[in-house]
Amino acid sequence: MRMSLGASLRLHRPEAPKKSLRPGNRDARVLAIAAQKGGVGKTTTSLSLASATARFCEQRVLVIDLDPQCHVNLAMRDQVHVGGGSLSEVMSDKGGLEVEEITTSTEVDGLFVTPPDPQLMTLEDRLSGRIGKELALKKALEITRTHYDLIVIDCPPNIGTLTLNALAAADQVLIPTTATALGAAGVSGLIEAVADVREHYNPDLAMLGVLLTRVDGRNARTNDAVYQLMDDSWGDLLLPVQIGVNDALSQSQLAGQDIYAYDPTSRGAAQYRELAELVATRLREQ
Ligand SMILES: Nc1ncnc2c1ncn2[C@@H]1O[C@H](COP(=O)(O)OP(=O)(O)OP(=O)(O)O)[C@@H](O)[C@H]1O
Ligand SMILES: [Mg+2]
């Protein structure tokens, strides 16, 4: 018997991948921490904000280590329990796997992370040619987000496929920058990328704000000039909380611990707690 054209097309339609993960009863906000420039405090902000939110706001928080440098895992190595699977496997799968299937717990109650994945470096090549490659992470968070209150994505220092995936999956984006003219230029680049992502992939993506980090009080004149420049350019986007230079933050990473385990009385610990409260309020308002 000959098959009609309609029946044969139906036979060839690819099936939507089946997910085996069961839904939870939460509804996470997804926050991308992104900047075009390196060394501006993305990882320090991702981790300190996430651990402050888990510890003091009693939320269930996941940090996605989307940088092939794996700095989240390096900086927390004494507190992360070893886990299997990798983010690049999850993102190159065609939608059946979920990020939740590879997350690991940490010594901090309520704080979870994805395992270190240097193979993310070549993920861009593996995804090339795939339609909708910028939406791989969003798809892999569909059910995962029902298991958390907050998901923080630590992005690599560029605007490539990985960062575009983070922006496409996020509800909001936070841009850390140092108080320098070059830092300001990097923020402008990212603001343009956010506009592109809104147009093509994620119309609801909102800007949580620009966070000044590693502010050195000894450079008062430069700080004032840069602050003025940023205020003129972005006004409302500049967050009222700033993070000062604080050795305890970099020392905690050398020790492999979050700042609240390493030195809970440090200035960095207090400022990131203040930031966590501000972020929680802004995310609730969205
Ligand atoms: N407020 C701070 N005070 C002192 N040192 C800091 C502060 N914030 C970050 N650092 C240090 O500065 C360096 C860069 O910070 P971090 O790794 O967070 O930046 P990043 O933007 O994630 O960098 P990359 O682009 O390489 O991923 C690290 O050694 C970190 O310990
Ligand atoms: Mg980093």
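For sorting residues by class, I count Ala, Val, Leu, Ile, Met, Phe, Trp, Tyr, Cys and Pro as nonpolar, Asp, Glu, Lys and Arg as charged, and the others, Gly among them, as polar. This is a predicted model, where local features need pLDDT of at least 70, side-chain atom pairs count only at pLDDT 80 or more, and totals for chains, interfaces and linings use all residues. Residues are numbered from 1 along each chain as its sequence is written, while chains are lettered from A and ligands numbered from 1 in the order in which they are written.

**Ligand 1.** I looked up the shell (C-beta, placed from the backbone, within 6 Å of the molecule). By class, I found five nonpolar, 12 polar and three charged residues there. Of the 20 residues, Gly-38, Thr-43, Thr-44, Pro-157 and Ser-250 come nearest. Helices α2 (42-56) and α10 (247-255) are the elements giving two or more residues to this shell; helices here are DSSP runs of H or I, at least four residues, strands are E runs of at least two, and both are numbered from the N terminus.

**Helix α7.** Nine of the nine residues in α7 (161-169) are buried, so the helix is largely enclosed by the rest of the structure. Buried means 20 or more other C-beta atoms, placed from the backbone, within 10 Å of a residue's own; exposed means 12 or fewer.

Most residues other than glycine have a negative phi. I noted Glu-58 with phi near 50 degrees, in the loop between α2 and β2 (61-65). Glu-58 is exposed, with 11 other C-beta atoms within 10 Å. Arg-214 also has a positive phi, about 50 degrees, but Arg-214 is buried, with 21 C-beta neighbours inside 10 Å.
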